Amino acid sequence: MTSKIRLEPEPYQSILESGGELSQQQAMELYLHPDLHGVGALADWFNRLKNKDLVFFNINRHINHTNICINKCSFCSFFRESGHPDAYELSLDQILQKAKDMPDDCTEVHIVGGLSSSLTLTYFEEMFRALRSNHPDIHIQALTVVEIEHLSSISGFPVQEVLARLKAAGLGSLPGGGAEIFDPEIRAQICPAKISGDRWLDIARLAHQVGLRTNATMLFGHIEKIEHRVDHLLKLRSLQNETGGFQSFIPLPYLSENNRLASTIDPTGQDRSITPPRQDRAILPPRQDRAILPPRQDRAIPPPRQDRAIPPPRQDRAIPPPRQDKAIGPSGSDILRTYAVSRLVLSNFQHIKAFWIMIGKKLAQTSLLYGVNDLDGTVREENIAHSAGASAGSELCADELLELVRGVNKTPAQRDTLYNILKLYEGKQCEGKLNGGKNKTNDIDEVSEIMGGDP
Ligand code: SF4
């Protein structure tokens, strides 16, 4: 690899090491730099600076209370209109029944759904009270900022009051969905009925002000451009500087199955229908009718490799445009790069999370070398990503998670929703080091001391 295409990490490292922030231009450079592994290594270096070699996961149970939604976002495969045969709303009894089915050691119930006009603020207050009454130690992470705005609109209460009432009923934190891409023009195309990006940020700010921590997300790899992603990251970083209320950032790759966005925008710019059906193509003769190749030793010997035309050095070749222009979802390299750039630009976020359900276990494991330090949870029953084509299964046992993390020589740390460490797994001899949560801590340096060194 020549120096022209190798990323020189020092300028970025010196800014981040001194507590500075990367500029918009530097973020763009990292997004467009041909040395993907160099960008990943830089993100891994910065992640280790912030989180040592710890990789967090939690044990949680997802519940999607309804798929009825009035917003009808074009990228969404989950929603159904009211009256559709597949539309559903769970009763409180059904929610409690699902909550009973929590895995051992489950510390979180994660509840999100569509915007249904018949599910009122009272429904959620009763749901949270009942969950807390049946499971006093469980943390309820529920309702996107978009759902909070919807509850405010149908109840007539201001957002601050909705947040305060839900918190009083047992809501512990917000999961961070609905951010999509903040740019108004892209938003107008993919989710015109959804609240604006600015409103999303306003409500996240209000949640932080009433003491509710939130996550933040970004839906990428559809019709947005790199500059829209960078703009999104910079807006989140700015709000985090103001409130400090974000816990983790979760980049969400667009999944293209069963939604309108994929069918209205052609990934190649050509008419898909011109591809001839397979049966119209020239039919190959059956294998036994083809000329029989001479035995290997009779074939002409190819010229030695050095006689062949030498391809131009990589740095002279045109860099193909990133796949984000296509409406078929981001490539694996685009996903890894987005994790890495997010890690480096969001220097004031402690955690970058890969939602393994959307990207699969293998890419999730690789992401741990590109700045990701959280693999979400064991997640029982997930509907939203699966309706858009996620194929990674909807449950991962804790042992599988441990294996993924150990496979990249990092240390699994079971956490609760607020990133208190419940259990460290540094090889078999260290299992249960934090005594099943009795000595829980979210101080990374304290964890180093407990583990007797730099984990
Ligand atoms: S993404 Fe959310 S708000 Fe949009 S249609 Fe789907 S459920 Fe509704």
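1. Helix axes here are lines fitted to C-alpha atoms over the stretch in contact, and angles run from 0 to 180 degrees between N-to-C directions. With that in hand, a look at one helix pair: the axes of H7 (residues 159–169) and H9 (residues 197–209) come within 10 Å and cross at roughly 45 degrees.

2. Val159, Gln160 and Leu163 of H7 meet Ile203, Leu206 and Ala207 of H9, where contact means C-beta atoms, placed from the backbone, within 7 Å. By class, this contact has 5 nonpolar residues, 1 polar and no charged ones.

3. A word on the model: it is predicted, so local features need pLDDT of at least 70 and side-chain atom pairs count only at pLDDT 80 or more, while totals for chains, interfaces and linings use all residues. Numbering starts from 1 along each chain as its sequence is written.

4. Overall, the protein has 17 helices and 11 strands (DSSP runs, H or I of at least four residues and E of at least two, numbered from the N terminus). Of its 455 residues, 44% count as buried, that is, with 20 or more other C-beta atoms within 10 Å of their own. Among contacts between residues at least 6 apart in sequence, 77% join residues at least 24 apart.

5. Do look at H16 (residues 398–406), where Leu401, Leu404 and Val405 are buried. Seen down the axis, the buried residues of H16 fall within an arc of 95 degrees, so they line one face of the helix. They pack against strands E1 (54–58), E9 (374–377) and E10 (411–415), and against helix H14 (361–367).

Technical notes. A residue is buried if 20 or more other C-beta atoms lie within 10 Å of its own, exposed if 12 or fewer, and partly exposed in between; C-beta atoms are placed from the backbone. The arc is that of the directions from the helix axis to the C-beta atoms. Two residues are in contact if their C-beta atoms, placed from the backbone, lie within 7 Å. Ala, Val, Leu, Ile, Met, Phe, Trp, Tyr, Cys and Pro count as nonpolar, Asp, Glu, Lys and Arg as charged, and the others, Gly among them, as polar.
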